[in-house]
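Have a look at the model first, then run through the points below.

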Amino acid sequence: MGYILRNFIYILVFLTTFDAQHLMAQCTFNKVKPIYENGFFGVKSIVSGATNNILGSNGQGVCRVNLHFQHELVGDLRIRLISPSGQSVILVGPPVLASVTTGTDWNIGFVRCGAAANPDLSFNPTWKSNSLWGQNKNYTGTYHPPSGQCLENFNTGTVNGVWELEILDNYALSAGELLGFSIEFCDNSGIFCNSCEASSGAIPSSFTETCAGDPALNLNLTPTYREPNPNTGIFGYKFIITDGAGIIVSVANTADLRNFSAGLYKIYGFSYALSDAGQLPIPNGVLNLATFSQRFSGSNPSMCGDLTDVFESVLIRGSTAANPVLVRDTICKGEVLTINGQNLSTTGTFTLNLKTSNNCDSIVSLNLVVLDMVANVAAPNLVTCANNIITLNGGGSTGGNASTYRWETVNGFFQGNVSGPIFANPINVEGVGTYTVTVTLAGCTSTTSVTVLSDNSLPNIIGSDRNFDCINPNNITLSVSTNATNPSFVWTGPGLITNPNSANPIVSSVGTYTLRVTSMGCTISKKFIVRQDLAQPTISILTNPYQCESDTVKLDINSNTGNLTYRWEGPNGFVSNVKNPINIGPGIYKATITASNGCTNVSQVNYTPTLPLPNLTINGRNIDCAEASIDITASSLTPSVTYAWYSGGSLISSTPILSNISNPGLFVCVVNDLNNCKKVDTFRVSMDTIRPSLMVTGGLIACNQDSIRIFANYSPINSTIFWSGNNYGESGASADFFEKGSYTVTAIARNGCAISSNISIDFAPNKPILTLKPDTITCLKPNITLSPTSNMPMVTWSWTGPMSQVFNIQNPVVNSPGTYRLKATAINGCHSVINTEISKDIGLPYLRLSYDSITCAKDSALLRIDTLETNAYFKWNLLNGDSLKVMQFYTKIGGNYSLNLIGRNGCLVDTTVNIFVDTLSPFANITSSGVGCLNTASRINLSTNIPVKSYNCI
């Protein structure tokens, strides 16, 4: 029943978030397992002893699964739990496009759908791999499995058996680690759990067909592993060979079938715990592979093992030998020799005709001898104080003088030879102990054991062997206890013994030490072995290849020693106790490993990425009522990058801008620079087209109320509320109404979605109804008479206006713009309030004048006006007293022309322009220096009365 790694303390809690109420119901695995890129593996836990063994019966089931893992892209993962009967529940997954989660740690639990989950802040109780998980985060909440999955689905089959946690990485650009997991059953009565890490790896699934004895039948199969090979100090590996019917015919260290007879064979790889080697199958012509598999994968496994999923098929045809082949073979009783489809298990001569269609023909004459070996030892006497030497006799064993024998013991004492050719010789032993004899003849063996017991007169000794190690390199104390009365102790052995006559001697050398305890005249001896274990663990540090800063860097310690403790030290105070730290920054990292014997070893590695990441920035917004389609823009400060946009795992664009996105989703952008370094970022587009809710009701302004305040009931609370209608405009959660009429209330949420509702404001029946029109102050009408009307006689009129103006008459005259409020009281004592707006428009009309001059080259000048005023009044006043009402005209007379322009508001522009006349002719004055005998050249000087454009000398 030695499943594997009994040093695992399965009841201990490895996850810091587990509380005491979960402690006893756990089957725990707490060893780091790498999750490789695009990898697949399973971790098995063997459950036994369950009192309530039927899932789905009497409240039994899986109540909680605790999971501790890290991964750079959680959307790549599928993690599911599989029961012994094959039922499975997905815990993480299925694989989806999700955000980058570099450096993030999940130390979480999964609970039944019928129980309350306590997720991390802002996350959904139901696990979603594409939730907005962050980078360099730590999550510790509890969740329900993904939609459609529930722990309640484990409702068929047994609790006892092999439970497997299966991990699938679905993408080749990310990796992580499984740091541990545990299962909590609803009824943990009697449950005991062991972990099994046997791994058979993978062998080729191919077909070989050849003749018997062909050298090609030495197949030299070697399993391959995605993860580190199993520790050969803990696990062994065999090839299990079956015939075509699945009967196991061989369990071998190699896949060598050169000595196999004709037939169809299947070769499987099998990894097993060395401590369970006694559970390996013994071919007997009956045991098949399905029956053997129950030992390591059934509902009550007795060993730790793992069988390859596929097998190598071999079809062996008959031998190519033309002459009969004479063969003599010996098998042991109980074995079956299968040749050419015949199972042979008795002594005799057998003729075998092997004839096939591919020229593999032979005749085999087989002389088969079946040896029947039985080891038998006569029952020994009891050891007593009077007789401490007992004789063991194996004379009753079969095999005779042709056999050999060997005696062995781990706790007894021999007197005489322990092996030899003549079996009948008896052997004397001293004291109690278990003694084993093995009888061998022609390769057949038989083994039996006999235990020498004592009567109650002998004392017993309790103690254990010890090792020198790096913790105790020089001296070791051997400690024993005994039930003897007034015992005396005598220790003998190869090394210096301090206190050799005590129960706790100190020894300084390796070897076998013998203790003799004497009490009340009785003596009993016991052996203790002291060994030396100063082996330093080997260490080498492996790193995955890296070039760009974005490359995932994982440090991996490789050692030939198991059961190590680890300590990493690095820059910026980095310290870690895990075997394979991941996602580390640049720098020098030192690893110290310590073996169980206390011996240590140290190594270090310098991680320096060579190429920087390209720059990447993503900008965008969500789809809402304000924008039904949006653009997402990626940009980079790194030159010459290429862009790739992905959605739903498919490439959708190679440009930096995604245009007209009208559906929500997660969009992944990858930029690739000239060094082939990639930067990845995501942008999630959400759709928010939910209209706000709005409830609002109008009201009645009572006889003696100036106004009524109306409140809007709306959601979400950050919406904007507008009130309009009946020359009224206001914003806010409430508004005051003074006048009757129909109004509209509009709520606009931040997503641009709006909803409107109409309300009616009315007066009480006895309340006066006032009317008052707005007006405008202009240049034509600088004073405004306010003229309200009422449907009933008024008693008082009370006005307030801008600049604190107050009037107590019905029709005040005002000349200031602004809001005027009238409160009028009727003869029945009821009053009403009404507002009006007086605006002001006294701005001068826009005017632009253009004109030119009268010259010799142009005998008339153009006068022109441009204005934005429509229906404006204007006139030109001419020099002779006439006027013109045209936009432009020409004149040949210089002088002042005035313009009058009156705008629509009656405001006047009065301006004058001067038309300049320039018709003066130029005249020239010419002087010369003269010409004489001494002055052969003369200088001519020209001056004019006005500036001259050009000259022409003749």
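C856 counts as exposed, at 60% relative accessibility (exposed is over 50% relative accessible area, buried is under 20%, and partly exposed is in between, using a 1.4 Å probe and protein chains only). C669, with a relative accessible area of 0%, is buried. Keep in mind that this is a predicted model, where local features need pLDDT of at least 70 and side-chain atom pairs count only at pLDDT 80 or more, while totals for chains, interfaces and linings use all residues. Residues are numbered from 1 along each chain as its sequence is written, and side-chain values use heavy atoms, with hydrogens and water left out.

**Disulfides: the count**

- A disulfide here is a pair of cysteine sulfur atoms within 2.5 Å, and that rule gives 10 disulfides.

**C27 and C193**

- C27 sits in strand β1 (residues 26–29) and C193 in strand β12 (residues 192–196), so-called distant parts of the chain, 166 residues apart.
- Strands (E, at least two residues) and helices (H or I, at least four) are DSSP runs, numbered from the N terminus.
- Both C27 and C193 are buried.

**C196 and C304**

- C196 pairs up with C304 in a disulfide, S to S 2.0 Å.
- The link of C196 and C304 is right-handed, with 80° about the S-S bond.
- C196 lies in strand β12 and C304 in the loop between α1 (289–297) and β17 (305–307), so the pair ties together parts 108 residues apart in sequence.
- As for burial, C196 and C304 are both buried.

**C470 and C599**

- C470 is joined to C599 by a disulfide, S to S 1.8 Å.
- Its handedness is right-handed, because the torsion about the S-S bond of C470 and C599 is about 90°.
- The pair links distant parts of the chain, 129 residues apart: C470 is in the loop between β32 (466–468) and β33 (476–477), and C599 is in the loop between β44 (587–594) and β45 (600–607).
- C470 is partly exposed, with a relative accessible area of 35%, whereas C599 is buried at 2% relative accessibility.

- Strands β79 (residues 895–902) and β80 (residues 908–915) run antiparallel and are joined by 8 bridges; two strands pair if DSSP finds at least two bridges between them.
- Y897 has V913 in β80 as its bridge partner.
- The hairpin has 5 residues between the strands, and G906 takes a positive phi near 85° there.
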